[in-house]
Structure formats: C-alpha cells, structure tokens
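Please look over the model shown here.

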Amino acid sequence: MLNTINNKEMAEKYRNVLRNFYVAIKSKDEYIKFVFITGITKFIKTGVFSALNNLNDISPLDTDYS
C-alpha cells in the first residue's frame, strides 16, 4: 500500500483486496481464537480494517506476545 500511496486508483484496488480478506476472516470469527498479522500497524486507522473491527494491536511489544 505504501508503494501506491501516490496512485489513488491502484491504492484503492489494494485496499479492496485487503478489505475482502478481512471480511473473510471476520466471517469465521467464531472459529478463530488468535490471528497474527504482521505489517499492518501503519494501516490500522485507514479504514481498511473497518470490516475487521475487533483487532487488538499488540505492536507495542506486549510482554505476553514478545
């Protein structure tokens, strides 16, 4: 996504792909206890995750996960 930040059309395509991925994860919420996704910290507040609204950001090196 960072590589397409200046290309609105391409950024929107990537955003939609990611959103669809998170919708699929969210639909299986009752079966998932823990999912570890890396590289998303910068995008948490961008609306990409509106379909997956129950994220718990452990990026500040939470000692339970370090």
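The report below goes from the helix to its salt bridges, then to the aromatic pair and a surface patch.

This is a predicted model, in which local features need pLDDT of at least 70, side-chain atom pairs count only at pLDDT 80 or more, and totals for chains, interfaces and linings use all residues. Residues are numbered from 1 along each chain as its sequence is written, and side-chain values use heavy atoms, with hydrogens and water left out.

**The helix**

H1 has 20 residues. From its first C-alpha to its last it reaches 28 Å, close to the 28 Å expected at 1.5 Å a residue. The expected span is 1.5 Å times one less than the number of residues. Helices here are DSSP runs (H or I, at least four residues), numbered from the N terminus.

Which residues of H1 are buried? They are Ala11, Tyr22 and Ile25. These residues cover an arc of only 45° around the axis, which puts them on the same side of H1. The arc is taken from the directions from the helix axis to the C-beta atoms. On the other side of H1, Glu9, Val17 and Asn20 are exposed. Buried means under 20% relative accessible area, exposed over 50%, and partly exposed in between (1.4 Å probe, protein chains only).

**Salt bridges**

The structure holds two salt bridges. The term needs a side-chain nitrogen of Lys or Arg within 4 Å of a carboxyl oxygen of Asp or Glu.

| Pair | N to O distance |
|---|---|
| Lysine 13 and glutamate 9 | 3.8 Å |
| Arginine 15 and glutamate 12 | 3.7 Å |

Lysine 13 and glutamate 9 both lie in H1, four residues apart. Arginine 15 and glutamate 12 also both lie in H1, three residues apart. An α-helix has 3.6 residues a turn, so residues three or four places apart point the same way.

Glutamate 9 is exposed at 58% relative accessible area. Lysine 13 is partly exposed at 46%. Arginine 15 is partly exposed at 24%, and glutamate 12 is partly exposed at 37%.

**The aromatic pair**

Rings of Phe, Tyr and Trp (its six-membered ring) pair if their centres lie within 6.5 Å; planes under 30 degrees apart count as stacked, over 60 as edge-to-face and the rest as tilted. By this rule there is one aromatic pair. The ring centres of phenylalanine 21 and tyrosine 22 are 5.2 Å apart and their planes are at 65°, so the pair is edge-to-face. Phenylalanine 21 is partly exposed, at 45% relative accessible area. Tyrosine 22 is buried, at 3%.

**The surface patch**

Tyr31, Ile32 and Val35 make a nonpolar surface patch of about 300 Å². Patch residues have over 30% relative accessible area and no salt bridge, and nonpolar side chains (Val, Leu, Ile, Met, Phe, Trp, Tyr) are joined within 5 Å. Accessible areas come from the Shrake-Rupley method with a 1.4 Å probe. Tyrosine 31 lies in the segment after helix H1 (8–27). Tyrosine 31 is exposed, at 63% relative accessibility.

Notes. Patches are made of residues with over 30% relative accessible area and no salt bridge: like charges are joined within 9 Å, nonpolar side chains (Val, Leu, Ile, Met, Phe, Trp, Tyr) within 5 Å. Helices (H or I, at least four residues) and strands (E, at least two) are DSSP runs, numbered from the N terminus.
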